[in-house]
Amino acid sequence: MSEPVNVAIIYYSSTGNVHALATGAAEGARKAGADVRMRRVAELAPDHVVAGKAEWAEHVDSTSDIPEASHDDLTWADAVLLGTPTRFGAMASQLKQFIDTTGPIWEQGLLAGKVYSGFTSTYTNHGGQESTLLSLYNVVYHWGGVIVPPGYTDPVQYELGNPYGTSHISGFGPPTEVHLNTVRHQAARATEIAQALKQARG
Ligand SMILES: Cc1cc2nc3c(=O)[nH]c(=O)nc-3n(C[C@H](O)[C@H](O)[C@H](O)COP(=O)(O)O)c2cc1C
């Protein structure tokens with residue numbers, strides 16, 4: 001029997017929407033046979049800013065038991081799913097700050113050859129979903145990773161499908177079962193492709 005692949009779900013969320021998608025991604029990867037680490041990146045906003053928005057403070061509080069992402073999570077992983085809310089059409093600075101600490105492991109080639117896939121949440125339907133996902137994928141080019149987008153590889157992609165990566169619009173409410181099924185499919189597909197690569201490499 002083949003050894004399981006390691007999947008890291010690394011995300012940032014202020015008010016819970018991307019967190020819900022990350023939970024769905026973890027479920028999809030586990031169901032596809034992966035060992036999963038779900039990790040949030042560190043909150044960088046000053047305490048008084050977080051405290052000024054009730055949903056933000058509540059989310060930080062309710063997710064404090066989720067471990068913070070580390071370089072070891074990246075090097076351990078065969079596939080990495082990156083999740084972020086959009087911030088003016090690009091990834092959140094909290095996730096970018098984590099990414100910007102990876103120079104030493106990038107330099108050793110430890111980020112290359114892995115599978116990467118991204119998911120996001122915006123407030124509006126034309127609020128920058130693809131540009132946010134592409135801001136994640138730009139990083140992957142530099143890391144030498146294998147981008148595995150969902151495309152239209154499952155019927156669920158025709159319901160809410162964004163071929164660039166699972167996308168959710170919080171202005172219409174929190175993620176629904178359809179969003180969760182979409183991100184579960186995306187994570188399962190990334191897991192299966194990482195598994196195939198791992199087997200082929202021996
Ligand atoms: C500084 C800032 C910039 C944002 N920029 C955008 C944007 O460009 N387009 C958009 O649709 N939503 C934007 N949003 C809204 C969030 O991306 C959106 O509410 C998202 O669903 C939040 O995800 P979360 O609940 O996981 O934090 C912005 C929010 C903040 C605080």
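1. The radius of gyration used here is taken over C-alpha atoms, and the globule rule is 2.2 Å times the number of residues to the power 0.38. For the 202 residues of the protein a compact globule would have a radius of gyration near 17 Å, and the protein, at 16 Å, agrees with this. Along its principal axes the C-alpha trace spans about 50 × 40 × 30 Å.

2. This is a predicted model, in which local features need pLDDT of at least 70 and side-chain atom pairs count only at pLDDT 80 or more, whereas totals for chains, interfaces and linings use all residues. Residues are numbered from 1 along each chain as its sequence is written.

3. The secondary structure comes to nine helices and six strands, these being DSSP runs numbered from the N terminus (helices H or I, at least four residues; strands E, at least two). Buried residues make up 46% of the 202 residues, where buried means that 20 or more other C-beta atoms, placed from the backbone, lie within 10 Å of the residue's own. Among contacts (C-beta atoms, placed from the backbone, within 7 Å) between residues at least 6 apart in sequence, 79% join residues at least 24 apart.

4. The ligand is surrounded by 19 residues, of which the closest are Val18, Pro85, Thr122, Gly127 and Ser170; a residue is near the ligand if its C-beta atom, placed from the backbone, lies within 6 Å of it. The shell divides into four nonpolar residues, 14 polar and one charged, with Ala, Val, Leu, Ile, Met, Phe, Trp, Tyr, Cys and Pro counted as nonpolar, Asp, Glu, Lys and Arg as charged, and the others, Gly among them, as polar. Both α1 (17-31) and β4 (115-122) supply at least two shell residues, and the largest share, three residues, comes from α1.

5. Helix α1 has 15 residues and reaches 22 Å from its first C-alpha to its last, close to the expected 21 Å, which is 1.5 Å times one less than its number of residues. Eleven of the 15 residues of α1 are buried, so this helix is largely enclosed by the rest of the structure; among them are Asn17, Val18 and His19. Just after α1, glycine 33 takes a positive phi of about 100°.

6. Alanine 190, found in helix α9 (residues 177-201), counts as buried because it has 30 C-beta neighbours inside 10 Å. Not counting residues up to four places away in sequence, alanine 190 touches Ala79, Leu81, Val115, Ser117 and Val148. The C-alpha atoms of alanine 190 and valine 148 are separated by 6.1 Å, although the two residues lie 42 residues apart along the chain.

Note on methods
A residue is buried if 20 or more other C-beta atoms lie within 10 Å of its own, exposed if 12 or fewer, and partly exposed in between; C-beta atoms are placed from the backbone. Two residues are in contact if their C-beta atoms, placed from the backbone, lie within 7 Å.
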